[in-house]
Amino acid sequence: MQSCLQLHRLLLLELFAYQPLKLSCGALGARNAAKIPMPPINPKDPFLSKLASVASSSPETLVNSSVNPDTPPFLDLFDSPKLMATPAQVERSVSYNEHKPRSPPPDLPSLLLNGRIVYIGMPLVPAVTELVVAELMYLQWMDPKQPIYLYINSTGTTRDDGETVGMETEGFAIYDALMQLQNEIHTVAVGAAIGQACLLLSAGTKGKRFMMPHAKAMIQQPRVPSSGLMPASDVLIRAKEVIVNRDTLVELLAKHTGNSVETVADVMRRPFYMDANRAKEFGVIDRILWRGQEKCPGGGCYSLKFVS
């Protein structure tokens, strides 16, 4: 067995060093010494290329290598593979902040999320609700102590022309997610906060609800979705559900604005528009943000440093 392995190594020497050799194997080789023909090889094969390199530079490595019957020959010529770190070793850390990426992600929503900013810039349709709730959960997982900034420019569950585009439950889903968070929620109205979006604006942490000077807020009764070809009984069921959602919206707005349920229900009989000062008086916000101007219309404005 040992003499045959020796012969195998010498064959490889002739194969890769391209040196013609006269070989014999023990008793068989003593009687029949013949030239071993050169078999064709693939020069691009990485295993054969490695062996050829070793045979050319140090042939004694192949001839004198130790024999291990448990492993194929010549594998010891290759470096042992190095295992990658396990996900737990990579992701686990003492501080949540160490999960922060080393370089900013390429897309704008991820850049905002990296700054702990959630931006609602569309009506509350299912896709928007799914993204906002996921971002809120992710930011709490990242750090349950740092505040989350919710910027709002939304017409709620309707379009600007009043047509219903989403169910009232879309706004309630984001509201419930906000109420479950351990973080402080800083809400900022930029542009418009209408209907359910106004509820989200008022649901921020007390003292941390802001509004731009020229933004608008508006509360109104929920609208009945298009009934289409529904039978009358189904239209009645939908109407009753809208009334339930209206009463829920009134109670939540009364809770966060500090007004009575009767007051909120009375002003919601028709669309109730509020500029920044009126929204502050009604209890929807706490502060008006203003920077770059010496005078603020109506007074009561604060510097943007409060949300920096």
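Guide: Accessible areas come from the Shrake-Rupley method with a 1.4 Å probe. In this predicted model, the accessible surface of the chain comes to about 18,900 Å², and 57% of that surface belongs to carbon and sulfur atoms. Of the 308 residues, 36% count as buried, and the secondary structure consists of twelve helices and ten strands.

The part to look at is strand S5, which covers residues 185-194 and is mostly covered, since nine of its ten residues are buried. One of its partners is strand S4 (residues 148-154), which runs parallel to S5 and is joined to it by six bridges; within this pairing, tyrosine 149 has histidine 186 of S5 as its bridge partner. Together with helix H8 (residues 168-180), the strands S4 and S5 make a right-handed β-α-β unit.

Another partner is strand S6 (residues 209-211), which is parallel to S5 and joined to it by three bridges, with threonine 187 standing opposite arginine 209 in S6. Between S5 and S6 the chain passes through helix H9 (residues 196-202), and this β-α-β crossover is right-handed as well.

Strand S7 (residues 216-219) also pairs with S5 in the parallel sense, over three bridges, and here isoleucine 194 stands opposite methionine 218 in S7.

For the chain as a whole, among contacts with a separation of 6 or more, 63% are accounted for by residues 24 or more positions apart.

Definitions and conventions
Residues numbered from 1 in each chain as written. Predicted model: local features only at pLDDT ≥ 70, side-chain atom pairs only at ≥ 80, totals over all residues. Heavy atoms only, no water. Helix = DSSP H or I, 4+ residues; strand = E, 2+ residues; numbered from the N terminus. Buried < 20%, exposed > 50% of the residue type's maximum accessible area, 1.4 Å probe, protein only. Contact = heavy atoms within 4.5 Å. Pairing = 2+ DSSP bridges. Right-handed = clockwise from strand over helix to strand, strands pointing away.
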